[in-house]
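The following report describes the architecture of one protein model.

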Amino acid sequence: MDPSDGIHFVSSTDSPEFTRLSSSLTRSSVIGLDAEWKPVRAHQPNFPTVLLLQIACRLDSHRSIVFLLDLSEILLPSVYHLLRDVFLSPHILKLGFRFKQDLLYLSSTFRSQGCDSGFDRVEPFLDIATIYSHLHHKQTTRKTKVTKSLSFICEELLGMSLSKELQCSDWSLRPLTKDQRTYAAIDALCLIEIFNVFQLRVLKEGAFRNLTELDNSSLNLGLKQILKEPNISSRILRTTFCDAVEMVRATTIEYPQRPHAEQGISLRKSSWVTLPMDYTLLQIVRGYSDKIVLTESDGKPGTSKKKGKRKSSTGFTCKEKRVDDIDEWRGPAPWDYLLGGDGFPKFLCDVMVEGLAKHLRCVGIDAAVPYSRKPETRELIDQAIKEKRVLLTRDAKLLRHEYLLGNQIYRVKSLLKNDQLIEVIETFQLKICEDQLMSRCTKCNGRFIQKPLSIEEAIEAAKGFQVIPNCLFDRNIEFWQCTDCNQLYWEGTQYHNAVQKFIDVCKISSA
């Protein structure tokens, strides 16, 4: 899924990109929606301002296009009616992943710019979490609440890894980096791809097999027979309507009308005609879609129920123990000599900070990952205790088990891997020197053999396991092998770049 060829950045209603966005929306029956805003601290008085709205349009079953609507540059009233019509159009299925929060922030952003009504509804809407629930729990009769992340769903259904590292980057800076644009586009495009998997599954199971085609003989039935068969009558009506819409579309394409935003005329599409959904898609909408509706209680920050206080049986008000009060590191670490440790730091990084594990290995720190891909909480606790490691996580819920782990759990607060590495080094007062860099296997956390291999020994060790580039044969370089997984390493360009990177990140002095 490479969106690089189909990303269009829209920063003005006078741009060709905006014209293409409007045209694509009239030809799309399925769109994916996502939004980005600048990360903010909790408990702020106002909702964050949405800076980017991503719209992925499925033009056909094999082709999609992504538009990044720059809400920090474009005049919001000029696109308000267009977006509202899209959100409410019965001919466009809107996809999202827990999009209610995005819609809430989006509505607040538009209201702050004079669009008093904001957005209070998206319909029809289908949540990707709902799709995953139907695909994953098809055999169960009881509904199960799905709490999987979008990254997890993408990896399971599409076989692709969805990095969320840029989610909390500064989206207010312009121009956006190429990586930010690609990240934003993929976040919307993957919604289309997941829905395609779901739609194919529905077709394969044959749920609407007898409804997708209209028998031509039905068109010649009399009125009496049509009234007796309501399914046939609706299909005849839909077929005729599709033909009519095609004629209207052909006319509008031949004689396009340019909206005159400069004359103060809003871009509301009163004559906006979209292609109707095909019958299979319509049945999916009827069978699985829902709607998002914002109420007055959603319109103010801090209106959610607070769990910080509770009343005791004696009537006094007491404060519950807050996570913020227990996520600070107090030590000592299990490797401390005072506790009988060997003095060598050892960490266990859960799936939320798996990228941090590789960074720690690169600076020579022992950093393991869970035994299984989807570990239970008890498995993490048992592994940390058994191997005398400090469990690193960003999951605040794991701190509830501090009574089991004691001084062997720490909640990482930073979002980006480099910042997380610095945070761990400073929190645990780790000493990093240049000799430690790239001294552990980044693949499995193993140690390297003490004696380097010659080129002949490396070729023999790599047979059937790893390919050594031919360009290394004429160079006098040394090879190192992991004692655990047998992965081979050598001091090439990639190695030297990595060493320099961590020298800079960790601010290691050459003295």
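## The four-stranded sheet

Four strands build an open sheet with parallel pairing, in the order E11-E10-E12-E13. Strands are DSSP runs of E with at least two residues, helices are DSSP runs of H or I with at least four residues, and both are numbered from the N terminus. Two strands are taken to pair if DSSP finds at least two bridges between them. Strand E11 (366-368) and strand E13 (409-411) are the edges; each has a single partner strand, so one side of each is left without a neighbour in the sheet. From one strand to the next, the twist averages 30°. Such angles run from 0 to 180 degrees between N-to-C directions, with axes fitted to C-alpha atoms, for helices over the stretch in contact.

Strand E12 (residues 390-393) pairs with E13 in the parallel sense over three bridges. Threonine 393 stands opposite arginine 411 in E13.

## Basis of the model and overall composition

The model is predicted: local features need pLDDT of at least 70 and side-chain atom pairs count only at pLDDT 80 or more, while totals for chains, interfaces and linings use all residues. Residues are numbered from 1 along each chain as its sequence is written, and side-chain values use heavy atoms, with hydrogens and water left out.

The protein contains 15 helices and 15 strands. Of its 511 residues, 44% count as buried, where buried means under 20% relative accessible area, exposed over 50% and partly exposed in between (1.4 Å probe, protein chains only). The accessible surface, computed by the Shrake-Rupley method with a 1.4 Å probe, comes to about 29,700 Å², of which 50% belongs to carbon and sulfur atoms. Among contacts (heavy atoms within 4.5 Å) between residues at least 6 apart in sequence, 67% join residues at least 24 apart.

E3 and E4 run antiparallel and are joined by eight bridges; alanine 56 stands opposite valine 66 in E4.

## Strand E5 and its neighbours

Strand E5 (residues 93-96) is covered on both faces: Leu93 and Leu95 on one side, and Lys94 and Gly96 on the other, are all buried. In a regular strand, side chains alternate between the two faces of the sheet. Strand E2 (residues 30-37) pairs with E5 in the parallel sense over three bridges, and valine 30 has leucine 93 as its bridge partner in E5.

E5 also pairs in the parallel sense with strand E6 (residues 121-127), over three bridges, and lysine 94 stands opposite phenylalanine 125 in E6. The chain passes from E5 through helix H3 (residues 100-111) to E6 in a right-handed β-α-β crossover; right-handed means that, with the strands pointing away from the viewer, the path from the first strand over the helix to the second runs clockwise.

## Nonpolar cores

A nonpolar core is a set of buried Ala, Val, Leu, Ile, Met, Phe, Trp, Tyr and Cys residues joined through side-chain atoms within 4.5 Å. The largest has 43 residues, and those with the most contacts inside it are Leu93, Leu150, Phe195 and Phe198. Among the elements giving two or more residues to this core are E5, helix H5 (150-158) and helix H6 (178-205). H6 gives the most, with 13 residues.

Beyond its neighbours within four places in sequence, leucine 93 is in contact with residues including Val30, Phe125, Phe195 and Leu281. A second, separate core of 39 residues includes Ile31, Trp37, Ile55 and Val122.

## Backbone exceptions

Most residues other than glycine have a negative phi, and most peptide bonds are trans. The bond from glutamate 123 to proline 124 is cis, with omega near -5°, and proline 124 is found in strand E6. The bond from arginine 174 to proline 175 is also cis, with omega near 0°; proline 175 is found in the loop between H5 and H6.

Glutamine 429 has a positive phi, near 50°, and is found in the loop between helix H13 (417-427) and helix H14 (455-462). Glutamine 429 counts as exposed because its relative accessibility is 67%.
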